[in-house]
Amino acid sequence: MVTSLSAIPTLDDEDTPRTPRGIQSVEVGGQLLKVLARTGRRMALKDLARAADMTAAKAHPYLVSFGKLGLIEQDTVSGHYGLGPLAMQLGLISLQQVDPVRLAIAELPALAQRIGHTVSASVWGDSGPTVIRVEEGPTAVYVAMRHGTTASMRHTATGKVFAAFGPRERVAVALAAEGFAQALDEPAFAAELEAVRTHRLSVVADQLLPGISALATPVFDGFGQLVLCLAAIGPTATLPTGPGSPVARHLRDAAQALSQRLGALAAEA
């Protein structure tokens, strides 16, 4: 029996990872759902189709099928399309299943390597911002920061993120417990917190400990609420703290990716 050479598997065939085959039409139609999720508003057919890089005639049959499933719905007055009840149910169930702490902790080792410095994740605890995980980077930093440490609301990058995005009443109580009862009324501190909100980045240099600097950024959930904070800490001499520095970029990129996995829209993340 003669075997065709084309039928014999080669080494390249065996070594090349195979991508699972999907259904192309589902992937194409899914672009319409992605556009609606990304924009967060109802859209006219022509605008929706254009944003998904297809013609209105091509988009319409997908929208009809998605409408039957409840993934989209069409406004009876304007004719615009938006996400439907099934999409909302799926989103709510997804939010219930996602654990932000678990997601953040899993990202820290790779983040520490990318940044080259120690990183941490913190949440709001009984006594204020509380460090839940520390991942050391290749650059050693000798700071008494460990799991369970409460971060100063007034003097740490992490604390200022919670002060900037947390409920004012809760923040005021935590600051008062630290001995800074009037801090929110201080023009300089208020301006600092406003800058944190604007840039989604908190920076401290030699403030709590001489020779030590830190950057921190917020992570939000699908309801726009602050759920945790990512921070990088290191020697002032080697840790770049500028908003355009690689450290700031990596930190914000990680926070934005986590926020989006938690349901936050791109504009909110």
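Does Ser152 count as buried or exposed, and at what relative accessibility? At 12% relative accessibility, Ser152 counts as buried, where buried means under 20% relative accessible area, exposed over 50% and partly exposed in between, with a 1.4 Å probe and protein chains only. The model is predicted, so that local features need pLDDT of at least 70 and side-chain atom pairs count only at pLDDT 80 or more, whereas totals for chains, interfaces and linings use all residues. Residues are numbered from 1 along each chain as its sequence is written, and side-chain values use heavy atoms, with hydrogens and water left out.

Ser152 lies in the loop between strand 4 and helix 7; helices (H or I, at least four residues) and strands (E, at least two) are DSSP runs numbered from the N terminus. The side chain of Ser152 reaches the backbone nitrogen of Arg154 at 3.2 Å. A polar contact is a pair of N or O atoms within 3.5 Å; within protein, one must be able to donate a hydrogen and the other to accept it, and residues adjacent in sequence count only if both atoms are side-chain atoms. When neighbours within four places in sequence are left aside, Ser152 is in contact (heavy atoms within 4.5 Å) with Gly159 and Glu178.

Gly159 is one of the buried residues of helix 7, among them also Lys160, Val161 and Phe162. Helix 7 is mostly covered, with eight of its nine residues buried. Helix 7 (residues 157-165) packs on helix 9 (residues 187-199) at an angle of about 90 degrees, the axes being 9 Å apart. Axes are lines fitted to C-alpha atoms, for helices over the stretch in contact, and angles run from 0 to 180 degrees between N-to-C directions. Angles under 35 degrees count as roughly parallel, over 145 as roughly antiparallel, 65 to 115 as roughly perpendicular and the rest as oblique. Lys160, Val161, Ala163, Ala164 and Phe165 of helix 7 meet Phe189, Glu192, Leu193, Val196 and Arg197 of helix 9. By class, this contact of helix 7 with helix 9 holds seven nonpolar, no polar and three charged residues; Ala, Val, Leu, Ile, Met, Phe, Trp, Tyr, Cys and Pro count as nonpolar, Asp, Glu, Lys and Arg as charged, and the others, Gly among them, as polar.

A further helix pair is formed by helix 2 (residues 24-39) and helix 4 (residues 56-69), which pack at an angle of about 85 degrees with axes 10 Å apart. Helix 2 and helix 4 are therefore roughly perpendicular to each other. Contributors to the contact include Val28, Leu32 and Leu33 of helix 2 and Tyr62, Leu63 and Phe66 of helix 4. The contact of helix 2 with helix 4 divides into seven nonpolar, three polar and one charged residue.

Five strands form an open sheet in the order 4-3-7-6-5, with antiparallel pairing; two strands pair if DSSP finds at least two bridges between them. Strand 4 and strand 5 stand at the edges with a single partner strand each, so one side of each is left without a neighbour in the sheet. The twist averages 25 degrees from one strand to the next. Strand 3 (residues 118-125) and strand 4 (residues 128-135) pair over seven bridges in the antiparallel sense, and a hairpin joins them through two residues. Within strand 4, Pro129 is the bridge partner of Trp124, and Thr130 stands opposite Val123.
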